[in-house]
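Biologist: I would like to learn how to read a protein model. Could we take one feature at a time?

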Amino acid sequence: MYLSKSLYCNAIQCNKMLWLEKNYPEEKEEVANDSVLDNGTEVGLLAKDLFGKSIDIEFNKDLNKMIEDTKIALQKDKVIVTEASFNYNNNFCSVDILKKDNDNYELYEVKSSTEVKDIYLHDASYQYYVLTKLGLNVTKVSIVYINSNYVRKEKLELDKLFNIEDITAIAISKLEEVDNKIKEINNYMKQTEIPKDDIDMHCVKPYDCPFFKFCTKHLPEQNIFNIRRMPNRSKFKLYHEGIYSYDKLLNTKIDSKYKQQIEYELYNKEPHINIDKIKEFLNTLSYPLYFLDFETYQQSIPEYIGIKPYDQIPFQYSLHYIEKENGELYHKEFLSEANIDPRRKLAESLVNDIPENVCTIAYNMMFEKMVIRSLAKQYPNLSKHLMNIHDNMKDLMIPFKDRNYYTKDMHGSYSIKYVLPALFPNDPSLDYHNLEGVHNGSEAMSTFSNLGNLSKEEQQIVRNNLLKYCELDTYAMVKIWDKLESITKRKDELYKKIELL
Ligand code: SF4
């Protein structure tokens, strides 16, 4: 079996994943896991600058060409080579950064993550094994990763942005383990029948496996893995005890909120609406009402002053507002230009659009509050107004989080992406699927990050898509609030009628 470092790491997570990848690639599903993020190319390119001038081995589908180019590059006594490529006995690897000093070599594996995960140790140890077996004297093995505490100043300081952790001792201690693992993989891959390995925590750790659906097809459609917010460890424990169907789960001691999801879906129960509690929540709101939603993006390498790696940088907001009872609905919005620091203009626009001492409503307000706090910290002259918005914020998620309004179609979730279609199942104007180009927060994030690479005409179209998406977020909040208002009012009217009788 021809192995690469990523295939080896897949097998560290699960041999069957590798087997399915080879024999049933069509069963692989799209999963948003961190494995792509961890190996971000932008970070890899920048980390190379830490070491000064280097020779880069260009990628070639013909791996032998890369290996030959590496040999030529390593003819120098002292040299830094990036993507230096080697093959020992069908075990291939490209080393992110290889530093040669006469007969000694230092190996650096670059990750976009802000911590050294266990899987990286396996990754680097595999490379150490390949190079050592080829007779290279590797004196140092290190992981280069992002320092999450680094705050960008005027200039980017690479030595502060990156942490370098020496893991040489671990790589040496794993030499035999790597050798055994490679033998195990080669034996495993000879199987002709689908391997019977069962699911467990390794299916979600370190990364969500793209074959999970395939490996759980023996389960009934309504099974424990559909239960929201139950920890994975509890799910796998119950699964191995044979308790995974909804009816068995109902007869088990599990939290009442999980049972509620199961009962509603299993017995097709009518919605649960606690009018008094909803009214209690609505009484905490007061006119004028401002409905606010931010879109943010993240940078592994902070481009702007005061930003840390992976900080949430707001680039857009939508704001719907109603000034008085039965008043009209108005809309305002902000979307930054591409390739500039969006924060200052966004903060100024926000304090212009939302007066002090008004009730601002967000859905899952922790996020909006976090964004506002960081803007207030960054811009002291806007801080008082921003913090006033922050302090007067209310969370529309509360009635749903507290399950004072619950329907089977919420599937145990109180996220707006579940609540909205559950409350308005047949309203195409509230269906995110009907939007062009941008349908969720991560699409908004990647769309905005790429905006600067587009032509003016393309930017216009994409900006319009972003505006429509964010507008729907706050319009959806208005509709949800309105629905809560109307059901509580209906009850009041009913009481009045009864009193008149
Ligand atoms: S779902 Fe689990 S058992 Fe199946 S291939 Fe993936 S990690 Fe392995």
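Modeller: The axes of helix α1 (residues 5-13) and helix α2 (residues 15-23) cross at roughly 125° and come within 5 Å. Because of that angle, α1 is oblique to α2. Angles under 35 degrees count as roughly parallel, over 145 as roughly antiparallel, 65 to 115 as roughly perpendicular and the rest as oblique. The axes are lines fitted to C-alpha atoms, for helices over the stretch in contact, and angles run from 0 to 180 degrees between N-to-C directions. Helices (H or I, at least four residues) and strands (E, at least two) are DSSP runs, numbered from the N terminus.

Biologist: Where do these values come from?

Modeller: This is a predicted model, in which local features need pLDDT of at least 70 and side-chain atom pairs count only at pLDDT 80 or more, while totals for chains, interfaces and linings use all residues. Residues are numbered from 1 along each chain as its sequence is written, and side-chain values use heavy atoms, with hydrogens and water left out.

Biologist: Which residues in α1 meet α2?

Modeller: Contact means heavy atoms within 4.5 Å. Leu 7, Asn 10, Ala 11 and Gln 13 in α1 meet Asn 15, Met 17, Leu 18 and Glu 21 in α2. By type, the residues of this contact are four nonpolar, three polar and one charged. Here Ala, Val, Leu, Ile, Met, Phe, Trp, Tyr, Cys and Pro count as nonpolar, Asp, Glu, Lys and Arg as charged, and the others, Gly among them, as polar.

Biologist: Which residues in α1 are buried?

Modeller: Buried means under 20% relative accessible area, exposed over 50%, partly exposed in between (1.4 Å probe, protein chains only). In α1 the buried residues are Lys 5, Tyr 8, Cys 9, Ala 11 and Gln 13. They pack against α2, β3 (91-101), β4 (104-110), α6 and α9 (175-188).

Biologist: Why does Lys 369 count as buried?

Modeller: Lys 369 has 17% relative accessibility, so it counts as buried. Its place is in helix α16 (residues 365-378). Leaving aside neighbours within four places in sequence, Lys 369 is in contact with His 390 and Met 393.

Biologist: And why does Asn 465 count as buried?

Modeller: The reason is its relative accessibility of 16%. Asn 465 belongs to helix α21 (residues 456-500). Not counting residues up to four places away in sequence, Asn 465 touches Glu 436, Gly 437 and Val 438.

Biologist: Which residues touch the most other members of the largest nonpolar core?

Modeller: A nonpolar core is a set of buried Ala, Val, Leu, Ile, Met, Phe, Trp, Tyr and Cys residues joined through side-chain atoms within 4.5 Å. The largest one has 66 residues, and Phe 86, Leu 98, Tyr 126, Leu 131, Val 138, Val 141 and Leu 249 touch the most other members. Helix α6 (residues 118-133) gives the most to this core, with nine residues. A second, separate core of 51 residues includes Tyr 363, Tyr 406, Leu 451 and Tyr 469.

Biologist: How many helices and strands does the chain have?

Modeller: The chain has 21 helices and 13 strands. Of its 501 residues, 48% count as buried. Along the principal axes, its C-alpha atoms fill a box of roughly 95 × 60 × 40 Å.
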